[in-house]
Amino acid sequence: MRTLITLLSALLLLATAEAAPDSYRDAAATFVTEMAARHDLDAERLAALIAGAEYRQEIIDAMEQPYEGKPWHRYRALFLTPERIAGGRAFHAAHAEQLARAEARYGIPAPVIVAIIGIETRYGEVLGRHRALDALTTLGFSYPRRAAFFRRELEQLILLGAEEGIDLSVVRGSYAGALGMPQFIPSSYRAYAVDFDGDARRDLWRSSADVIGSVANYLARHGWRAGGPVAIPLAQPPATMPAVVRKAPRAPATTLGALRAAGIDPMAANGLAPETPANLMCLDGGAAGERCWISFANFYAITRYNHSNLYAMTVHQLSEAIGETPP
């Protein structure tokens with residue numbers, strides 16, 4: 001065992017000595033030995049794979065400046081563009097049969113599926129420029145605030161590569177290690193991706209059917225209620241601002257009836273029952289004159305895809321625009 005550990009450490013040192021901090025190399029060596037033992041993998045082959053990864057400071061920097069840190073009006077403007085709406089309508093038309101099949105099976109409206117793909121990768125045009133291996137080793141070994149999470153995702157990536165025949169030395173994704181057209185993190189890929197085209201593979205890079213079915217399955221598994229509302233705007237913010245949900249998602253904690261009793265009423269309730277679970281939500285801190293919404297269980301389901309109310313509201317509004325008949 002001592003000889004094996006020495007070999008692993010040498011491989012890792014050789015690959016990362018120029019750029020990576022000592023903490024990276026130490027964590028990498030530990031990861032290899034633990035991963036090999038836990039999953040009965042060839043330790044030398046695993047060490048060679050990890051040794052081929054590159055520490056990337058720009059990935060650490062990107063984690064410190066996420067899109068979701070922007071104010072709502074700036075975040076929305078990134079995605080609610082005429083080009084993104086037109087692209088969504090074109091994607092919808094091109095894949096109408098697959099989207100209809102996914103909607104029938106999982107209960108997710110086709111425009112919602114399309115909007116998520118549009119926000120994540122502009123309908124498959126931008127699949128990420130970082131090697132997934134680089135992203136997850138950098139964050140798993142040298143980003144203490146969330147290192148445990150990213151080490152688990154690195155573990156999932158390695159298992160996914162073996163299951164799906166993915167060449168991990170070349171596969172690319174986001175700076176956080178998200179993969180394919182829907183930008184699934186590796187654990188989500190393994191848990192929620194589906195073979196929707198029947199070819200015995202789950203390919204989230206090249207199979208539009210698998211992508212569409214996988215996004216629909218993800219939302220269904222996270223509590224989407226077929227036919228239910230997502231969010232309804234208020235005509236104006238309440239005069240007295242109670243505790244509200246802003247950027248941090250929260251499952252519906254009250255009911256539509258209770259909000260109405262407090263003087264908070266949506267512009268249109270569409271015949272919803274008073275006992276419908278709901279939240280009041282204002283995205284920019286409750287400032288006077290800002291737009292507020294009543295959000296529902298389906299809104300919360302979207303936040304399970306990306307844990308941000310800004311993201312979920314953008315998906316909702318983009319899906320509405322995609323679903324509208326163009327002028």
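**View 1. The buried residues of helix α10 in a predicted model.** Here's α10, where A147, F150, E153, L154, E155, Q156, L157, I158, L159, L160, G161 and E164 are buried (under 20% relative accessible area, with exposed over 50% and partly exposed in between, using a 1.4 Å probe and protein chains only). These buried residues pack against α2 (22-39), α3 (43-51), α4 (57-63), α9 (132-142) and α11 (186-192). The model is predicted, so local features need pLDDT of at least 70 and side-chain atom pairs pLDDT 80 or more, while totals for chains, interfaces and linings use all residues. Residues are numbered from 1 along each chain as its sequence is written, and side-chain values use heavy atoms, leaving out hydrogens and water.

**View 2. Helix α10 from end to end.** Residues 147-164 make up this 18-residue helix; helices (H or I, at least four residues) and strands (E, at least two) are DSSP runs, numbered from the N terminus. From first C-alpha to last, α10 reaches 25 Å, close to the 26 Å expected at 1.5 Å a residue (1.5 Å times one less than the number of residues). Just after α10 comes G165, with a positive phi of about 65°.

**View 3. H130 and its contacts.** Look for H130 in strand β1 (residues 130-131). H130 is buried, at 5% relative accessible area. Leaving aside residues up to four places away in sequence, H130 touches R56, E58, I59, V171, R172, G173, S174 and Y175 (contact means heavy atoms within 4.5 Å).

**View 4. The protein chain as a whole.** Zooming out, the chain has 15 helices and 6 strands. Buried residues make up 50% of its 327 residues.
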